Amino acid sequence: MGKHSRNKGASFERQIAASLRELWPKARRRGNAQADGQRIEADVEGTPYHIECKRYAARPSWDQCVRWFADIPRDGRPPLLIVKADRQAAMVLLDVEPLGLVSLPLDAWIAGVVPVDAVAVIWRD
């Protein structure tokens, strides 16, 4: 991964942490803590979720999002994936029983207002 990509991802993580501070004042971008080469923190800590962030130039496929979601470490907190492509709204992917994995706009999720037509069910175990 190049320096520009790392900076872009780190900037997105800081932006997400700042956006979530209204809901969770302790939300912050993780440090670089690793154990045996494995990250032990989420991209954004200080929330009740294990949040991973992905930032790319082009929108990733739903299959890729499902793989990323499946790769989120299970640490007792519900996993949450936030994906953003250039010039597009950020999307949140989370597991909602009994629907399965759903995708919805980040702004709507933060506001707690999710229009039914904005939710896309993309995967069910």
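Modeller: A residue is called buried under 20% relative accessible area, exposed over 50%, and partly exposed in between, with a 1.4 Å probe and protein chains only. Helices are DSSP runs of H or I with at least four residues, strands are runs of E with at least two, and both are numbered from the N terminus. The model is predicted: local features need pLDDT of at least 70, side-chain atom pairs count only at pLDDT 80 or more, and totals for chains, interfaces and linings use all residues. Residues are numbered from 1 along each chain as its sequence is written, and side-chain values use heavy atoms, with hydrogens and water left out.

The part I take is helix 1, residues 3-20. Its 18 residues reach 26 Å from the first C-alpha to the last, close to the 26 Å expected at 1.5 Å a residue; the expected span is 1.5 Å times one less than the number of residues. Its buried residues are Gly9, Ala10, Phe12, Glu13, Ile16, Ala17 and Leu20. They lie on the same side of helix 1 because they cover an arc of only 160° around the axis, the arc being that of the directions from the helix axis to the C-beta atoms. The face turned away from this buried side carries the exposed residues Lys3 and His4. Arg6 also belongs to helix 1; Arg6 counts as partly exposed, at 46% relative accessibility. Between Arg6 and Arg55 there are 9.6 Å in space, C-alpha to C-alpha, although they are 49 residues apart in sequence.

As for packing, the largest nonpolar core has 17 residues, and Ile16, Val44, Ile82 and Trp109 have the most contacts inside it. Such a core is a set of buried Ala, Val, Leu, Ile, Met, Phe, Trp, Tyr and Cys residues joined through side-chain atoms within 4.5 Å. Two or more residues each come from helix 1, strand 5 (50-56), strand 6 (79-85), strand 7 (91-96), strand 8 (100-105) and helix 3 (106-111). Helix 1 gives the most to this core, with four residues. Leaving aside residues up to four places away in sequence, Ile16 touches Val44, Cys53, Ile82 and Leu106, where contact means heavy atoms within 4.5 Å. Another core, of nine residues, lies apart from this one; Trp68, Phe69, Leu93 and Leu101 are among its members.
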